[in-house]
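Please look over the structure shown here, and then follow the questions and answers, which set computed values against the terms used to describe them.

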Amino acid sequence: MSLVELTITQFMKTLGSDAPAPGGGSASALSGVTGVSLLKMVCELTVGRKKYAEYEEEIQAVKEKAAVLQDKLLLAIDEDTESFNEVSAVFSMPKETDEDKKARAQAMQAALKSATKTPYKVMELLLDVLTLTNSAVGKSNTNASSDLGVAALQAKAALQGAWLNVLTNLSGIKDETFVNEYKTKGLDLYNKGCLLADDIFETIQKTF
C-alpha cells in the first residue's frame, strides 16, 4: 500500500489507527511536503506579475527547486514507513540458537541504521526547503506572505519530527562512531533549520 496514493481521509484514518506504521516519521515528511507545496504556491502567485518583475528569474528558480523537493518529500512519506517495517521484520526472525540470536542482533543493527538515515535525509531536504523559503521573503507576492510563513512553520515542525525519529533510532544502535556522526550532523541541521524558520516567521509577522 502506497501511502501517498491514499486520500487525505484514508491516510489520516490509517495514521490514527492501532497500526504501528505510518507514524511520526511519515507524518513529519507529510508536514514537509505541505510546507514546500505552500512555498511553490507562493512562487506560482508571484511569477509573471509586473510588480515582482525584478525578482522574476530568482522566484522562477525557487519554484523549480521547490517542485523537486516536493517530489522527494512525497517519496519520503512511504520510505519512512518502509524503514520502520524493516525494523519490525527483525522481530520475526528466529532466536532459538546462539547463531540465530547473533544474526538477529546484526539484522537489527543494520535495520536501525537504515531507519536513521531515512529521517536524516528528510532533515537535509527540509533545510533546503527553509533556505529556499527564506530566499523568497520580501521578493514574492505580499498577498501570500502568510502562506510563506506557514510554509516555514510546516517545514520546522517536519524538521523537529524527523530529528526525534533520528534520535529514537540512534538510541538502539551500538556503533558509537555511527551514533556520534549522526547526532552531530543531525543537531547541526536541526539548529540551522529551526533558527531559519524562526527568522522567517518573525520577519513575516512584522509585516502585518
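Q: In this predicted model, what is the handedness of the crossing in which H4 passes H6?
A: The model is a predicted one, and in it H4 passes H6 in a left-handed crossing.

Q: Why is H4 called roughly parallel to H6?
A: The axes of H4 and helix H6, residues 176-205, cross at roughly 25° and come within 9 Å. Angles under 35 degrees count as roughly parallel, and therefore H4 is roughly parallel to H6.

Q: Which residues of H4 and H6 make the contact, and how do they divide by class?
A: On H4 the contact is made by residues including Lys113, Tyr120, Met123, Glu124, Leu127 and Leu130, and on H6 the residues include Phe178, Tyr182, Lys185, Leu189, Leu196 and Ile200. The residues of this contact of H4 with H6 divide into eleven nonpolar, six polar and five charged.

Q: Why is H4 described as roughly antiparallel to H5?
A: Helix H4, residues 98-136, packs against helix H5, residues 145-170, at an angle of about 160°, and their axes are 8 Å apart. Since angles over 145 degrees count as roughly antiparallel, that angle makes H4 roughly antiparallel to H5. The crossing of H4 and H5 is left-handed.

Q: What makes up the contact of H4 with H5 in terms of nonpolar, polar and charged residues?
A: The contact is made by residues of H4 that include Leu112, Ala115, Pro119, Val122, Leu126 and Val129, together with residues of H5 that include Leu148, Ala152, Ala155, Leu159, Trp163 and Val166. By class, the residues of the contact of H4 with H5 are 19 nonpolar and four polar, with no charged.

Q: Why are H2 and H5 said to be roughly antiparallel to each other?
A: Helix H2, residues 24-44, and H5 pack with their axes 8 Å apart and at an angle of about 155°. The cut-off for roughly antiparallel is an angle over 145 degrees, and H2 and H5 are therefore roughly antiparallel to each other. Here too the handedness is stated, in that H2 passes H5 in a left-handed crossing.

Q: Which residues in H2 meet those in H5, and how many are nonpolar, polar and charged?
A: Among them, Gly24, Gly25, Ser28, Gly32, Gly35 and Leu38 in H2 meet residues in H5 that include Asp147, Leu148, Ala151, Ala158, Gly161 and Asn165. The contact of H2 with H5 has ten nonpolar, ten polar and one charged residues.

Q: Why does Asn141 count as buried?
A: The relative accessibility of Asn141 is 5%, and buried means under 20%, so Asn141 counts as buried. Asn141 lies in the loop between H4 and H5.

Q: What is Asn141 in contact with, leaving aside its neighbours within four places in sequence?
A: With those neighbours left aside, Asn141 is in contact with Leu45, Thr46, Arg49 and Tyr52. For Leu45, the backbone oxygen lies 2.8 Å from a polar atom of the side chain of Asn141.

Methods
Residues numbered from 1 in each chain as written. Predicted model: local features only at pLDDT ≥ 70, side-chain atom pairs only at ≥ 80, totals over all residues. Heavy atoms only, no water. Axes fitted to C-alpha atoms, helices over the stretch in contact; angles between N-to-C directions. Helix = DSSP H or I, 4+ residues; strand = E, 2+ residues; numbered from the N terminus. Parallel < 35°, antiparallel > 145°, perpendicular 65-115°, else oblique. Left-handed = near helix turned anticlockwise from the far one by under 90°. Contact = heavy atoms within 4.5 Å. Nonpolar A, V, L, I, M, F, W, Y, C, P; charged D, E, K, R; others polar. Buried < 20%, exposed > 50% of the residue type's maximum accessible area, 1.4 Å probe, protein only. Polar contact = N/O pair within 3.5 Å; in protein donor to acceptor, adjacent residues only side chain to side chain.
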